[in-house]
Amino acid sequence: MSILTARGVVKRFGGVVALNGAEISLSAGRVGGLLGANGAGKSVLSAILAGEITPDEGEMSFDGRPISHPSPRAARDHGIVIAHQHASLVPDLPVWENLFLGAERRGWLGLIDREGSRTAAAETLARLSPDFDIDRLAGELSSAEQQLVEIARALLRKPRVLILDEPTASLAHAEVDRLFQEIRKLAAEGAATVFISHRLPEVQEICDDVVVLRNGQTVGSWSIGDKLDHDRLLSLMTGEAEVAAHQRLVRDIGPVVLETTGLAVTPRHEGATLTLRRGEIVGLAGLQGQGQEEILEALAGGRRIAAGRVRVEGGEVRPRRPSDMIRHGVCLVPGDRHRQGLFIGQSIEENLDYPSACVRRRPWILPFAEIRRRALEIIGRLGIKTSGPTQEVAALSGGNQQKVVIGKWLPLATKVLLLSDPAKGVDVHAKGEIYAAVEGLAADGAGVLLYASDFQELLSMCDRVLVVYDGRIVGEFAGETMTEFNLLAASFGRAA
Amino acid sequence: MTAFLRTGGLLLALSIVLMVLGNFVTPGFLSFTQVSTQLKISAFLGLFALCQTFVLIAGGEGVDLSVGANGSLGGIVGAALIQGQDSAVLPVAILMGLAGAAVGTVSGLGVALFGVPPLVMTLAIASIVNGGLIIFESIAQPAIATSPFLAQLAGRTTLGVPNIFLLWIAIGLAAVWFLSATAWGRKIFGTGANAKVALLSGTHVRMVKISVYAISGLIAALTGFCLIGYVGAAFLGLGDAYVLSSIVVAVIGGMSLAGGRGSYVGVAAAAILITVLTSLLTTMQISEAGRQIIFGCILVVFLLLNRHLDRAH
Amino acid sequence: MRALRHAGLLPSLGMLIVVFAINVALQPHLLTRGSLSSNIATFAPTILVSAAQAIIVLSGELDLSVGTGVSMLNCALATLPELVGWGLWPTLGATFAIAVMAGATNGVLVAYVRLPSLIVTFATSAIWFGIALFFRPQPGGSVDQVFGDFYAGSVWGVPIALILVLVALGLWSVLQRYPLGRQLLAVGGNPVAAFHAGIDVRWVKFCGYCIAWCFVYLGSLAISAQTLSGDSRLGLPYTLTSVAAVVIGGISLAGGRGSVWGAAFGAIALGLVANVIYFAGIPSIYQEFFKGIVICIALSFTFIVGRRKAA
């Protein structure tokens with residue numbers, strides 16, 4: 001029996017079409033998985049269902065009656081509640097107040113019922129994570145703790161429709177189990193749940209149905225039987241029968257260009273020790289959040305080093321700030337392109353030239369002709385689809401934006417290129433072009449150190465893969481031993 | 001670029017419309033002396049707004065509430081040092097510029113190194129500078145007269161155009177060139193657009209932020225120094241009137257309070273527009289009460305229009 | 001203690017105690033009832049206007065028109081009786097209505113039309129100044145003597161001014177036990193989170209301005225009861241002083257963090273600094289300078305403490 005249905009949903013942001021006729025139907029007592037590649041429209045659709053965004057077109061009906069809810073409060077009055085991917089909390093209020101924000105429990109004379117609120121808060125959070133201190137300020141919590149608070153807040157609203165957007169990204173195994181227990185309880189009470197995730201094993205475990213989005217449209221929805229058909233899923237998500245195999249270039253491996261000894265960003269870590277040669281592509285693997293990104297940031301001078309040494313071509317260096325390392329030819333392509341990679345409001349040309357402008361000693365005047373020439377060269381080399389170098393990067397697709405992020409370092413990464421999950425949220429074609437460009441750089445003689453959350457990417461690109469756990473290198477694989485199985489095993493090797 | 005020319009062009013067109021209107025309301029509004037005066041006043045307002053422009057572009061909710069105090073510093077100490085002599089003008093000007101830059105650097109240090117919100121930091125610095133000037137005036141009883149050269153600069157015209165207006169245009173063009181065609185200018189925009197990206201790309205974000213406050217202080221002090229040529233003598237509170245109006249001019253001229261965007265061209269046009277508007281209201285024989293209310297209402301209308309234009313973008 | 005630390009009150013309270021101690025050292029008879037009463041009566045307007053600014057800043061905005069607002073209300077109080085022949089109570093009522101309308105105007109422009117508060121309150125400050133001048137082109141007019149006597153008096157030994165301040169701040173504390181009070185903080189702390197939580201952010205910010213202007217109204221009453229006449233220039237210093245008091249009080253200009261009591265402490269501290277300068281025999285010309293120094297000292301406390309917390 002359907003509780004919430006949405007049909008023909010269209011949403012545009014400026015020139016970009018985020019949803020183009022998406023549809024979803026949620027039934028009482030069932031858990032529906034909402035799947036799709038990054039940028040497919042999952043978050044936009046959930047935001048519409050939760051009343052945070054109004055769609056340009058489309059109909060929604062609740063319990064069989066048509067509705068439209070232009071605000072989160074209206075959606076909540078219907079019992080539709082969302083727990084966001086990135087917790088939406090007020091940092092200077094304590095956890096228990098955040099849990100009841102906007103739905104405060106009132107007592108005598110309309111005053112806030114502090115005792116009742118705190119009791120209910122403690123009780124609900126305990127179901128997800130025992131011994132949670134509800135008086136701590138939300139701003140002091142770790143991202144995993146914030147995620148738990150975000151979920152607890154949704155649960156407290158006694159939802160009839162619960163939307164969970166990537167709830168398990170930062171959670172530990174035990175917490176995920178408890179969360180699933182709560183979801184099953186809700187289902188038993190007749191609520192519907194939407195579970196957005198990239199983690200197929202979890203989708204397999206908790207979901208009854210799946211809906212797949214691609215490019216803003218629903219391309220498939222069915223009930224899962226005993227086994228989730230991965231191939232069918234992947235081909236629907238990518239729209240291709242098979243992902244083309246990546247052709248490897250033959251490269252000359254040269255002398256050692258980068259070495260670290262016991263590199264650590266916090267004092268308690270043992271530190272990472274690795275070497276990188278010119279022309280080599282070395283991958284960093286492991287579970288998310290084990291320190292891979294921190295190692296790259298530290299090497300680039302963007303994060304303080306607590307212990308350990310770094311040597312570039314035999315000479316010791318102290319990466320104190322990014323400009324130091326850039327001058328040594330060591331450059332970082334950061335993981336979050338919107339917040340750390342691009343000036344969204346500026347043109348492609350301006351973005352591409354910026355780091356060079358910072359490092360350039362002379363002339364102080366910008367050489368416009370040279371900048372234009374270089375921009376066109378990079379656009380051609382990386383295959384950036386654009387109307388011209390003066391186009392604003394905001395208008396580009398995710399994949400092309402990522403190419404700009406990489407492109408600006410091409411003239412400067414003469415010795416080492418560090419990449420932090422460069423193909424995240426990029427469509428398959430652009431991914432191939434990006435990796436071809438990275439390989440080209442390696443073939444030109446730079447050493448490449450690459451972190452990717454997708455093991456397949458690492459296996460297809462790298463000469464060697466290092467597995468990182470808790471900031472240390474716990475395994476090194478190359479050639480025949482470089483298999484997904486080995487990598488996974490090493491990732492979990494020391495885990496509980 | 002064209003968008004900003006459009007804003008600037010629009011504002012200039014409005015100014016001309018107002019001037020013509022003014023002539024209907026008060027004949028003589030379009031007279032040579034009147035227009036001349038307008039141009040001189042807008043030059044000073046425009047220069048103070050240039051200070052705000054630098055600070056606003058660098059982002060981080062940058063504003064400089066100490067432009068008035070720096071202006072007064074340049075005027076009062078400048079007058080005290082030149083003692084009415086032309087020969088001293090050039091060295092004293094350089095000295096005042098350095099003094100203004102020093103004050104600005106202190107503000108910049110507070111903002112960049114200690115993370116003090118610019119609103120608060122520049123407010124505190126303004127208090128200290130103004131306070132210091134009060135003490136200076138009463139203890140040192142300094143000379144307050146202007147020099148003939150400064151009076152020429154601020155008061156006279158060359159080929160019919162006021163000298164100070166020409167100076168303003170020169171400085172304005174230099175500023176526009178600096179911001180758009182030099183690496184440092186690019187870094188200022190980058191810092192304002194996204195300080196994290198700028199940092200990771202190798203920008204010394206702290207240096208950039210300190211530099212814009214230093215530049216603001218320098219320009220403000222020099223402008224105050226020239227201002228005594230226009231008003232004839234130095235006095236306390238010389239620059240006070242310009243503090244908030246310089247910010248208003250910058251915002252109406254298209255500067256974003258968030259930083260990273262905007263062009264001085266629009267700001268300059270806004271300076272002219274606001275000056276014409278204020279003069280028009282003054283000559284219209286309305287009581288001060290009416291003038292204030294009308295000014296406030298028109299400002300609100302401008303802000304509404306600005307927002308509307310922004311949305312359409 | 002934890003609550004105090006959370007509200008960031010420790011630095012401002014500390015400052016207040018230090019300045020108070022210096023004041024007592026220089027002016028031993030400060031600790032007499034008469035002296036304390038007259039001090040509170042003098043500080044009350046600043047405390048109330050600073051509290052108003054604090055409320056708006058906590059909600060994530062700013063109001064640069066509170067100073068000219070005080071002028072406008074003061075001139076209305078002093079002029080309405082002779083202008084329309086009203087007695088004390090109708091005048092008080094009408095002035096309150098003007099205050100609420102001013103707050104509502106700012107509230108609509110900032111919260112609903114979404115104009116930047118820094119600039120738009122600068123614009124409305126010109127409008128309030130104009131209205132003040134309309135009432136009183138020249139200083140003059142008169143406020144009922146009864147009112148002045150009442151303000152200078154005391155109930156059971158407690159000065160009326162003190163009662164006024166405590167009642168006002170007390171009402172704020174009561175409001176903090178209601179959803180609206182907490183939502184004001186939420187809206188300043190993380191407006192997106194507040195929106196996701198179902199709070200009507202615009203309505204809350206609008207209410208913030210209206211409530212704040214009730215405090216501005218009380219502040220204008222306090223100053224009018226002392227001057228007993230109207231002057232359009234009267235309120236001008238209050239704007240920047242209120243911002244300074246908010247900063248000294250440890251309230252973050254970004255919003256969401258701090259307490260209105262902090263602004264009250266800050267206002268008192270600023271007032272006591274003026275006393276200190278006077279009683280130390282420092283010429284009053286130094287006052288502006290020292291006010292700036294005090295703000296810098298307070299700033300360094302707040303930010304050093306803040307950095308240590310963040311580290």
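Predicted model: local features only at pLDDT ≥ 70, side-chain atom pairs only at ≥ 80, totals over all residues.
Colleague: In what order do the four strands of the open sheet in chain A lie?
Modeller: The pairing in this sheet is antiparallel. Strand 2 (16-27) and strand 5 (65-67) of chain A are the edge strands, each pairing on one side only. From one strand to the next the twist averages 25 degrees. The order of the strands is 2-1-4-5.

Colleague: How many bridges join strand 1 of chain A to strand 2 of chain A?
Modeller: Strand 1 covers residues 2-13 of chain A and runs antiparallel to strand 2 of chain A. Within these strands, A:Lys11 stands opposite A:Leu19 of strand 2. The number of bridges joining strand 1 to strand 2 is nine.

Colleague: At what angle does helix 1 of chain A run to strand 1 of chain A?
Modeller: Helix 1 of chain A, residues 42-49, lies across both strand 1 and strand 2 of chain A. After the helix comes A:Gly51, with a positive phi near 80 degrees. The angle between helix 1 and strand 1 of chain A is about 120 degrees.

Colleague: How many of the residues of helix 1 of chain A are buried?
Modeller: Helix 1 of chain A is mostly covered. Its buried residues include A:Lys42, A:Val44, A:Leu45, A:Ile48 and A:Leu49. A:Ser43, A:Ser46 and A:Ala47 are buried as well.

Colleague: Why is A:Leu459 classed as partly exposed?
Modeller: A:Leu459 lies in helix 16 (residues 455-461) of chain A. Leaving out residues up to four places away in sequence, A:Leu459 touches A:Met482 and A:Glu484. A residue needs 20 or more other C-beta atoms within 10 Å to be buried and 12 or fewer to be exposed. A:Leu459 is partly exposed because the number of other C-beta atoms within 10 Å is 18.

Colleague: Which element of chain A gives the largest share of the side that touches chain C?
Modeller: In this contact, 20 residues of chain A meet 19 residues of chain C. On the side of chain A, ten residues are nonpolar, four polar and six charged. The largest share of that side is three residues, and they come from helix 2 (residues 72-77) of chain A.

Colleague: Which helix of chain B gives the most residues to the side that touches chain C?
Modeller: The contact takes 35 residues from chain B and 33 residues from chain C. Helix 5 (118-140), helix 11 (242-252) and helix 13 (288-312) of chain B are the elements that give two or more residues to the side of chain B. By class, that side has 23 nonpolar, ten polar and two charged residues. The most, 13 residues, comes from helix 13 of chain B.

Colleague: Which residue of chain B does C:Ile131 touch?
Modeller: C:Ile131 lies in helix 6 (residues 117-135) of chain C. With 24 other C-beta atoms within 10 Å, C:Ile131 is buried. Not counting residues up to four places away in sequence, C:Ile131 touches C:Met72 and, in chain B, B:Ile293.

Colleague: Is helix 3 of chain C roughly parallel or roughly antiparallel to helix 8 of chain C?
Modeller: The axes of helix 3 (residues 33-58) and helix 8 (residues 160-175) of chain C come within 9 Å and cross at roughly 20 degrees. Angles under 35 degrees count as roughly parallel. Helix 3 of chain C is therefore, relative to helix 8 of chain C, roughly parallel.

Colleague: How many nonpolar residues are in the contact of helix 3 of chain C with helix 8 of chain C?
Modeller: Helix 3 of chain C passes helix 8 of chain C in a left-handed crossing. Among the residues making the contact are C:Ile40, C:Ala44 and C:Ile47 of helix 3 and C:Leu162, C:Val165 and C:Trp172 of helix 8. The contact has no polar and no charged residues, and its nonpolar residues number 13.

Key: Residues numbered from 1 in each chain as written. Chains lettered and ligands numbered in written order. Pairing = 2+ DSSP bridges. Axes fitted to C-alpha atoms, helices over the stretch in contact; angles between N-to-C directions. Contact = placed C-beta atoms within 7 Å. Nonpolar A, V, L, I, M, F, W, Y, C, P; charged D, E, K, R; others polar. Parallel < 35°, antiparallel > 145°, perpendicular 65-115°, else oblique. Left-handed = near helix turned anticlockwise from the far one by under 90°.
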